[in-house]
Amino acid sequence: MKTLIKNGTLITASDTFISDLLIEDEKITRIGLNLEADSDHEVDATGKLILPGGVDPHVHLDLPMFDTVSSDDHYTGHKAAAFGGTTTAMDFVVLEDEGFEHSVDLWMKKAEKAAIDYSFHMNLTRFDEKVAKEIPSLMEMGIQTLKVFTAYNGRLRLDDGSIFKALQIARDNGMLVMAHCENGDVIETLTTQALADGHTSPEWHAHTRPAWGAVESSLRMAAMAEQANAPVYIVHMNAGGEVDMLHYARERGVKVMGETCPQYLFFTAENLSLDNGAKWICSPPLRTDQDNVRLWQGLSKNILQTIGTDHCPFFFDGAQPIVYEGSEIAIPGKELGQYDFTKIPNGLPGIQDRMPILWTYGVNAGYITPNQFVAYTSTNPAKIFGLYPRKGALVPGADADIVIWDPEKQVRYGRTHSHQRTDYNLYEGWELLGYPEKVFLRGKLIVDGDEWKGKRGDGMFLKRSEGEVL
Ligand code: URP
Ligand code: ZN
Ligand code: ZN
């Protein structure tokens with residue numbers, strides 16, 4: 001099967017140029033002007049942009065937590081991702097008592113319904129001699145990333161000594177540690193005190209997780225990485241001070257990389273004081289306008305490396321069903337914490353929203369260039385996580401994961417456009433200029449305007465190898 005895309009404006013992480021592009025079966029085979037090919041389909045992309053499919057390095061699908069489960073699974077979340085221009089997503093395997101292989105098998109099973117390509121990170125939430133010995137086996141499974149937590153005491157957190165050892169093991173095996181940076185001890189203390197004082201409303205989620213904890217633990221993580229001579233990737237950077245720490249460490253040659261997420265660019269802790277404040281509960285929490293500005297600067301100046309979503313959706317009111325693909329569904333959600341903010345499931349929807357929202361409010365607004373947009377949402381995550389140039393690239397030989405983007409399309413965004421399986425959208429009513437028109441996954445057209453042409457099982461597990469340190 002050959003598809004010839006004519007006269008598009010190709011945007012890569014470094015260049016912008018008009019060209020034709022030929023897809024043969026699952027791959028891009030030729031890029032150039034005036035291509036002639038005996039194609040089965042021809043797409044006129046005059047006036048349209050051609051982008052590599054988005055790579056979302058940070059999502060949580062079908063994740064059991066807070067006595068419920070994140071409300072998108074590997075089909076619904078992937079379908080939503082595709083409508084937003086993302087064709088690869090990476091989510092996190094929960095480490096079960098039985099060990100890595102068993103845990104990965106469970107996640108493989110969940111992902112049998114995948115609709116876009118995917119891979120996994122491993123949550124390293126336990127550390128002992130046995131776990132340490134088994135870590136390299138993850139590389140054989142195609143998983144080269146471990147997520148560690150400096151918060152969630154007694155549940156997910158590792159002590160600094162264990163994190164340091166994990167960094168050394170990662171270094172010796174071409175793996176990468178990803179770090180959730182907050183101060184678990186401060187959070188525990190402030191949370192206990194807040195509840196004892198009768199503070200149960202959502203804004204206390206932010207009051208009890210101060211930005212300073214994120215700032216100092218980001219620097220601590222960078223310092224440990226330097227002392228272990230290992231790379232580290234700090235997930236969901238949310239505080240302006242973290243950008244400063246990232247800059248400080250990178251200027252000194254530390255192999256530390258940073259990811260932020262759209263929610264930390266557009267919203268603040270004030271959202272938690274609204275009547276529906278629980279909708280904005282995520283960890284780390286939303287911060288201030290000044291933090292938003294500093295994060296944008298970190299992107300403009302290439303201090304940060306990626307924009308993921310941390311997509312971890314819950315219903316706002318899980319007692320009220322919504323209709324998804326013709327069937328009613330309700331999944332317990334944020335209402336679980338209506339009398340106690342510590343019981344509100346942590347996480348926000350965003351897998352579909354990321355690219356359209358960032359295009360209008362990042363690129364059109366002048367904070368980042370179109371090339372930076374491609375770098376942050378596709379090329380850099382593909383490089384860091386060992387998928388480049390198969391993913392994140394518009395070059396012959398790459399997978400034909402392609403987005404034809406209409407820069408003139410106007411959309412009043414919100415739930416009516418969203419395929420995320422939840423009952424609200426953070427960007428309800430936001431005006432967009434620029435939107436995905438067609439999305440190809442390995443040469444197969446899976447989104448055509450409003451039409452879903454993909455299906456369960458279209459997605460494939462991507463075995464990853466050692467990534468790049470950017
Ligand atoms: O609130 C969030 N972000 N939930 C997902 C888990 C995490 O720490 O990334
Ligand atoms: Zn996290
Ligand atoms: Zn996360």
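A polar contact is a pair of N or O atoms within 3.5 Å. Good morning, everyone. The model on the screen is a predicted one.

Let's start with ligand 1. Which backbone meets it? A backbone N or O atom of S283 lies 2.8 Å from an oxygen atom of ligand 1. A polar backbone atom of N346 is 3.2 Å from a nitrogen atom of ligand 1. H58 uses its side chain instead. One of its polar side-chain atoms lies 3.5 Å from an oxygen atom of the ligand.

Who else is around ligand 1? The list includes H60, K147, Y152, H180, H236 and D310.

Now the zinc ions. Take ligand 3. Which protein atoms hold this zinc ion? The protein donors are NE2 of H58, NE2 of H60 and OD of D310. They lie 2.0 to 2.1 Å from the zinc. In sequence, the spacing reads H-x1-H-x249-D. Are H58 and H60 buried or exposed? Both H58 and H60 are buried.

What about the geometry? Four donor atoms surround the zinc ion, ligand 3, and their angles run from 88 to 133 degrees. Tetrahedral requires all angles between 85 and 135 degrees, so this arrangement is tetrahedral.

Next, the other zinc ion, ligand 2. Its protein donors are K147 through NZ, H180 through ND1 and H236 through NE2. The distances here are 2.1 to 2.2 Å. The spacing along the chain is K-x32-H-x55-H. K147 sits in strand β11, residues 145-149, and H180 in strand β12, residues 176-180. Those two are 33 residues apart, so this pair links distant parts of the chain. K147 and H180 are both buried. How far apart are the zinc ions, ligand 2 and ligand 3? They are 3.9 Å apart.

Stay with H236 for a moment. H236 is in strand β13, residues 232-237. Its relative accessible area is 1%, so H236 counts as buried. Now look at its backbone. Phi of H236 is near 30 degrees, a positive value in a residue other than glycine. Why point that out? Most residues other than glycine have a negative phi.

There is another positive phi to see. For N34, phi is near 50 degrees. N34 belongs to the loop between β3, residues 27-32, and β4, residues 41-44. Is N34 buried or exposed? N34 is exposed, at 65% relative accessible area.

Peptide bonds next. Most of them are trans. Here are two cis cases. P284 is in the loop between α10, residues 263-266, and α11. The bond that joins Y388 and P389 is cis as well, and omega is about 5 degrees. P389 is in the loop between α13 and β18, residues 402-412.

On to the rings. How many aromatic pairs are there? The count comes to 21. Let's zoom in on W296 and Y367. Their ring centres are 4.5 Å apart and their planes meet at 15 degrees, so the pair is stacked. W296 is in helix α11, residues 289-300, while Y367 is in the loop between α12, residues 354-364, and α13, residues 370-384. The pair therefore ties together parts that are 71 residues apart in sequence. W296 is buried, at 4% relative accessibility. Y367 is partly exposed, at 39%. Both rings belong to a cluster linked by ring pairs. F266, F267, W280, Y361, Y427 and W430 are in that cluster too.

K110 lies over the face of W107, 4.6 Å from the ring centre. R252 places its charged end over the ring of Y248, 3.8 Å from the centre.

Last stop, N371 in helix α13. Its relative accessibility is 17%, so N371 counts as buried. What does its side chain meet? A polar atom of the N371 side chain lies 2.9 Å from the backbone oxygen of T12.

That's the tour. Thank you.

Terms used. Residues numbered from 1 in each chain as written. Chains lettered and ligands numbered in written order. Predicted model: local features only at pLDDT ≥ 70, side-chain atom pairs only at ≥ 80, totals over all residues. Heavy atoms only, no water. Donors = N, O, S within 2.8 Å, 3.2 Å for Na, K, Ca; no water. Tetrahedral: all angles 85-135°; square planar, octahedral: opposite > 155°, others 65-115°. Buried < 20%, exposed > 50% of the residue type's maximum accessible area, 1.4 Å probe, protein only. Phe/Tyr/Trp six-rings, centres within 6.5 Å; stacked < 30°, edge-to-face > 60°. Helix = DSSP H or I, 4+ residues; strand = E, 2+ residues; numbered from the N terminus. Lys NZ or Arg CZ within 6 Å of the ring centre and 35° of its normal. Near = heavy atom within 4 Å. Polar contact = N/O pair within 3.5 Å; in protein donor to acceptor, adjacent residues only side chain to side chain.
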